[in-house]
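Here are a few notes to read alongside the model. Could you go through them with the structure open?

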Amino acid sequence: MTTRTIKITKISLIAFVLAAALAFCGLATTAYAETSANQDAATAQARATKPVNKPTKAGWMKDADGTWYYFTSVNANPKTGWLKTGGKWYYLDPAANGALKTGYYTVGNAKYIANGSGALYTNRWVHFKGNVMGTSMDEWFYATKSGALKTGWFKSSGKWYYLEPKYGLMATDTWTDDGYRLTVSGAMATGWVKELDNWYLFSASGKKATGWQKRGGKWYYLDPAKDGAMKSGMFSVNNSWYITNSSGAMYSSKWITYDKDWYYATKSGALKIGWQKSGGKWYYLQPNSGPMAKSTWINDGKYDYYLNASGAMATGWVKPDQEWYYLSKSGTKTYGWVKSGGKWYYLNKNKNGTMARSETLFINGTYYSFNADGSMK
């Protein structure tokens, strides 16, 4: 191919010089056309003179340069076109006076691959390393029953593969334009596939899944905003919060500790907001993402409650700071008089419900005095 290119370049240069020399005679265009015609004629003549050797019998003959030809008789011209012999197909190139084609070649709109002996591959995968239409390749192809290379989708051994249309080579480790993932082996991806640092889920048909998907009895969320990448950890979907394990499986119907806080995942997986009873005790999951309240006061919109260090709702006496408070059996902060241990105490509403201590108060028209421990004198 390189030698031929160089010859064409030389002939073109000669033609140019000759055309310039004849320009004064008005014959430049004609001279160039004749040169071009001579070149084509010379090429055709060179092809026509091959093969150099003459056959001594019908069948295959190897020429002086190693090229093979096929003759139906010793007096016939080399056969051209398709030839079936010995149960195999061969292609004898009409453009090269019947020279046997090997490797990768095209006939009409179809592409074929033949082995080193020229026998066409059929009904099989072919690993071809060599020149393909001017491009060096080391790829897999599939030769159909006719020998023509398959293009488009193809199912083999229960798996789908994609043979790209230009060359027919098997696409690997890539995405198709319509969203299918082809693995390193070329097989269409199904199930879980890790791409860089993200996991994706593909259905049995190869379509990428998005949104909530149940697999193996567990729920996973494939983020549509992230091209179907699996979410893990803590995230929100449609104003509800969820937590998954490191594998992306959603927690449900259980307590979860996440980033030093406790949460409760409901049966649906959505994190609980508000009151939750567990083990006979009440807990409060705060608004927004639902972290469990602990060692703090909360107001549920109606009453004040205190959650102790474990998060359980407190009842009875509590001293969260330097003051005492009293909480009813239902956990609500109490105001006014309370009898405890046979003694009376007063929870001063004017002081946010703190217990009166070491002081005298005027209550409902009467003065009352209280000891240092808060008991009424």
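1. Asn-123 comes out as partly exposed, because its relative accessible area is 49%, just under the 50% cut-off for exposed. Do keep in mind that this is a predicted model. As for its place in the chain, Asn-123 sits in the loop between strand E7 (110-114) and strand E8 (124-132).

2. The backbone at Asn-123 deserves a look too. Its phi is positive, at about 50 degrees, even though Asn-123 is not a glycine. Most residues other than glycine have a negative phi.

3. Asp-173 is another one to check: it is not a glycine, yet it has a positive phi of about 45 degrees. You'll find Asp-173 in the loop between strand E11 (159-163) and E12. With a relative accessible area of 45%, Asp-173 is partly exposed.

4. Now on to Thr-176, in the loop that links strand E12 (174-175) and strand E13 (181-182). Is Thr-176 buried or exposed? Its relative accessible area is 13%, so Thr-176 counts as buried, the cut-off being under 20%.

5. What does Thr-176 touch, once neighbours within four places in sequence are set aside? The contacts are Trp-153 and Leu-182. There is also a polar contact between the side chains of Thr-176 and Asp-178, at 2.5 Å; please have a look at that pair.

Conventions:
Residues are numbered from 1 along each chain as its sequence is written. This is a predicted model: local features need pLDDT of at least 70, side-chain atom pairs count only at pLDDT 80 or more; totals for chains, interfaces and linings use all residues. Side-chain values use heavy atoms; hydrogens and water are left out. Helices (H or I, at least four residues) and strands (E, at least two) are DSSP runs, numbered from the N terminus. Buried means under 20% relative accessible area, exposed over 50%, partly exposed in between (1.4 Å probe, protein chains only). Contact means heavy atoms within 4.5 Å. A polar contact is a pair of N or O atoms within 3.5 Å; within protein, one must be able to donate a hydrogen and the other to accept it, and residues adjacent in sequence count only if both atoms are side-chain atoms.
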